[in-house]
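Q: I have a sequence and a 3D structure to look at. Please show me how to read them, feature by feature.

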Amino acid sequence: MENKTAKEKLVHMFSEVDADIAARRELDPAADDQRDIDNEMEEDYNESEEGFRTRSIVSELEKQRTQIQRALEKIEDNSYGKCDSCNTAIGPDRMLAYPESIYCLDCQAKVDAQQSRSN
Ligand SMILES: [Zn+2]
């Protein structure tokens, strides 16, 4: 895949993820840090399963957004398609399926394992 095509895809993905985050935030009063949350209804929502689910989806989407942003940076600095951790080429199949990839499969597995430990 050409970088130009990849960039177009990524820009599109970024705006979709970004809009999704904004929409979910709007539904979730607790996700908005600026707002006063000592309202009883919001506290209930906070502790509810739905509130928890929304926040975990939003945090996943934010991770995705950060990754897409990084992939776009990699296009700019000509490291797109190379692993951010070990610098080997990420397989073209993987890049095609996941244009936002910034790690090879091995490193991605390590990163995922680290993240699930820290959660
Ligand atoms: Zn790697």
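A: Start with contacts: two residues are in contact if their C-beta atoms, placed from the backbone, lie within 7 Å. Among contacts in this chain between residues at least 6 apart in sequence, 56% join residues at least 24 apart. This is a predicted model, where local features need pLDDT of at least 70, side-chain atom pairs count only at pLDDT 80 or more, and totals for chains, interfaces and linings use all residues. Residues are numbered from 1 along each chain as its sequence is written.

Q: How many helices and strands does the chain have?

A: Helices (H or I, at least four residues) and strands (E, at least two) are DSSP runs, numbered from the N terminus. Here there are five helices and zero strands, in the order α-α-α-α-α from the N terminus on.

Q: Why does the span of α1 agree with its 25 residues?

A: The expected span of a helix is 1.5 Å times one less than its number of residues. For the 25 residues of α1 that gives 36 Å, and the end C-alpha atoms are 36 Å apart, so the two agree. With 28 residues, α3 reaches 41 Å from its first C-alpha to its last, close to the expected 40 Å. Just after α3, Asn78 takes a positive phi of about 60°.

Q: Which residues of α1 and α3 are buried?

A: A residue is buried if 20 or more other C-beta atoms lie within 10 Å of its own, exposed if 12 or fewer, and partly exposed in between; the C-beta atoms are placed from the backbone. Of the 119 residues of the chain, 14% count as buried. In α1 they are Ala6, Leu10 and Val17; in α3 they are Gln67, Ile68, Ala71 and Lys74. The buried residues of α1 pack against α3.

Q: Which residues make up the largest nonpolar core?

A: In soluble globular proteins, nonpolar side chains tend to be buried together. A nonpolar core is a set of buried Ala, Val, Leu, Ile, Met, Phe, Trp, Tyr and Cys residues joined through C-beta atoms within 7 Å. The largest one here has 10 residues: Ala6, Leu10, Val17, Ile68, Ala71, Tyr80, Ile90, Ile102, Tyr103 and Cys104. Two or more residues come from each of α1 (3-27) and α3 (49-76), and α1 gives the most, with three.

Q: What is Ile68 in contact with?

A: Leaving aside neighbours within four places in sequence, Ile68 is in contact with Leu10, Met13, Phe14, Val17 and Glu100.
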